[in-house]
Amino acid sequence: MLGERRITQRRLAEMADVRPNSVNAIYNEKAQRIDLDVLDKICKALDCQPGDLLERVDD
């Protein structure tokens with residue numbers, strides 16, 4: 001989604017008012033858990049729903 005919109009991770013962090021490390025961990029699928037406030041801010045910044053960003057994968 002960031003590539004389609006030509007938004008960098010740093011710019012998204014600024015738009016959503018979250019730490020760049022949080023955006024990076026989510027983007028690189030390294031986040032073990034995501035604070036709902038962070039997810040909400042990112043969704044508002046990108047004008048999307050959580051399901052547009054997250055996918056459940058079986059172990």
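Start with the lining of the largest pocket in this predicted model: by class it has 13 nonpolar, one polar and four charged residues. To find its middle, select Ile26, Tyr27, Glu29, Leu53 and Leu54, which lie nearest the centre of the pocket among the 18 residues that line it. The space in this pocket comes to about 600 Å³.

Next, colour the pocket by element. Helix H1 (2-5), helix H3 (20-27), H4 and helix H5 (50-53) each give two or more residues to the lining. Of the elements, H3 gives the most, with three residues.

Helix H2 covers residues 9-16 and helix H4 covers residues 36-46. How do the two helices pack? Their axes are 8 Å apart and meet at an angle of about 105°. Angles of 65 to 115 degrees count as roughly perpendicular, so H2 and H4 are roughly perpendicular to each other.

Show side chains where these two helices touch. On the H2 side, select Leu12, Met15 and Ala16; on the H4 side, select Lys41, Ile42, Ala45 and Leu46. The residues of this contact divide into six nonpolar, no polar and one charged.

Stay on H2 for the last stop, and select Arg11 and Glu14. Their side chains meet in a salt bridge, with 3.6 Å from N to O. Arg11 and Glu14 are three residues apart in helix H2, so about one helical turn separates them. Side chains of opposite charge can pair when their charged atoms come close. The structure holds three salt bridges, and the pair Arg11 and Glu14 forms a salt bridge.

Conventions. Residues numbered from 1 in each chain as written. Predicted model: local features only at pLDDT ≥ 70, side-chain atom pairs only at ≥ 80, totals over all residues. Heavy atoms only, no water. Axes fitted to C-alpha atoms, helices over the stretch in contact; angles between N-to-C directions. Helix = DSSP H or I, 4+ residues; strand = E, 2+ residues; numbered from the N terminus. Parallel < 35°, antiparallel > 145°, perpendicular 65-115°, else oblique. Contact = heavy atoms within 4.5 Å. Nonpolar A, V, L, I, M, F, W, Y, C, P; charged D, E, K, R; others polar. 1 Å grid on protein atoms, 1.4 Å probe; cavity = no way out; pocket = protein on both sides within 12 Å on 5 of 7 lines; lining within 4 Å. Points joined across faces, edges and corners; volume = space filled by probe spheres on them. Salt bridge = Lys/Arg side-chain N within 4 Å of Asp/Glu carboxyl O.
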